[in-house]
Amino acid sequence: MDKSPDAFRTISEVADDLDLPQHVLRFWETRFSQIKPMKRGGGRRYYRPQDVELIKGIRFMLYDQGYTIKGVQKLLKDNGIQFVIAIGAGDLAAVEAIAQRKQAETEAALKMAGARPDDGMLVGEPKAKPSRRFFGMGKGEEDGPVQPGEGKLTRDNRALLQEALFDLLECKRLLDQVRQ
């Protein structure tokens with residue numbers, strides 16, 4: 001007999017559903033304070049549906065996306081539980097909505113502090129979408145990231161280059177892990 005989607009799950013049910021050993025779930029409870037199963041007499045754990053969804057998101061980030069525990073902890077701290085749950089569920093619309101809300105909150109906080117959002121901030125999502133011309137696959141050389149006669153990159157192109165550098169460094173880190 002299947003349980004209701006709203007029913008609490010035992011550690012063995014969660015472990016079987018997510019293909020994880022029980023000791024990994026107990027370990028994750030020590031590393032992620034957001035995982036809080038209810039404990040009954042005798043120390044039996046009962047996971048709420050939201051706990052299970054959060055564990056799915058954590059599992060996805062650690063096992064499928066190659067994040068470290070510290071990386072997932074930072075994601076949880078910066079973006080909240082719902083963000084990781086949405087990632088684990090594959091709900092890209094919710095992920096985008098949460099990211100946009102977080103960006104709006106950051107910009108509002110910067111305005112309150114008297115800083116402009118663009119003051120030297122290059123980390124994060126670029127405002128300009130990468131184009132084929134940016135990567136030299138478009139027209140001629142004069143249509144590159146720096147226009148003839150200009151001595152520097154625009155802020156958007158610098159952001160794109162920085163994002164590409166971060167992606168390359170992450171690829172290198174993953175390759176180094178595989179080589180070991």
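This is a predicted model: local features need pLDDT of at least 70, side-chain atom pairs count only at pLDDT 80 or more; totals for chains, interfaces and linings use all residues.

## Strands and sheet

Strand S2 and strand S3 (residues 45–47) pair in the antiparallel sense, with 2 bridges between them. Within the pairing, Met38 has Tyr46 of S3 as its bridge partner. In general terms, strands of a sheet pair through backbone hydrogen bonds, in either a parallel or an antiparallel manner.

The sheet to which these strands belong is open and has 3 strands, in the order S1-S3-S2, with antiparallel pairing. Strand S1 (9–10) and strand S2 (38–39) are its edge strands, each pairing on one side only.

## The chain as a whole

The protein chain contains 7 helices and 3 strands. Read from the N terminus, the elements follow the pattern β-α-α-β-β-α-α-α-α-α. Of the 180 residues in the chain, 23% are buried. Among contacts with a separation of 6 or more, 52% are between residues 24 or more positions apart.

## Arg9 in strand S1

Arg9 lies in strand S1. Does this residue have a salt bridge partner, or none? Arg9 is buried and has no salt bridge. The nearest side chain of opposite charge is that of Asp17, at 4.3 Å, whereas a salt bridge requires the charged atoms to lie within 4 Å. Leaving aside residues up to four places away in sequence, Arg9 touches Lys3, Ser4, Val14, Asp17, Arg45, Tyr46, Tyr47 and Val52. Tyr46, named in that list, is also the bridge partner of Met38.

Asp19 is found in the loop between helix H1 (11–18) and H2. Its phi is near 55°, a positive value in a residue other than glycine. Most residues other than glycine have a negative phi. Asp19 counts as exposed because its relative accessibility is 63%.

## The aromatic cluster

A search of the whole structure finds 2 aromatic pairs. The table gives the geometry of each.

| Pair | Centre to centre | Angle between planes | Arrangement |
|---|---|---|---|
| Trp28 and Phe32 | 6.5 Å | 85° | edge-to-face |
| Trp28 and Tyr63 | 6.0 Å | 65° | edge-to-face |

Trp28, Phe32 and Tyr63 form one aromatic cluster.

Helix H5 (residues 81–89) holds the buried residues Phe83, Val84, Ile85, Ala86 and Ile87. What covers these buried residues? The cover includes helix H3 (49–64), helix H4 (69–79) and helix H6 (92–113). After H5 comes Gly90, which has a positive phi near 75°.

How values were computed: Residues are numbered from 1 along each chain as its sequence is written. Side-chain values use heavy atoms; hydrogens and water are left out. Helices (H or I, at least four residues) and strands (E, at least two) are DSSP runs, numbered from the N terminus. Buried means under 20% relative accessible area, exposed over 50%, partly exposed in between (1.4 Å probe, protein chains only). Contact means heavy atoms within 4.5 Å. Two strands pair if DSSP finds at least two bridges between them. Lys and Arg count as positive and Asp and Glu as negative; His and the chain ends are not counted. Rings of Phe, Tyr and Trp (its six-membered ring) pair if their centres lie within 6.5 Å; planes under 30 degrees apart count as stacked, over 60 as edge-to-face and the rest as tilted.
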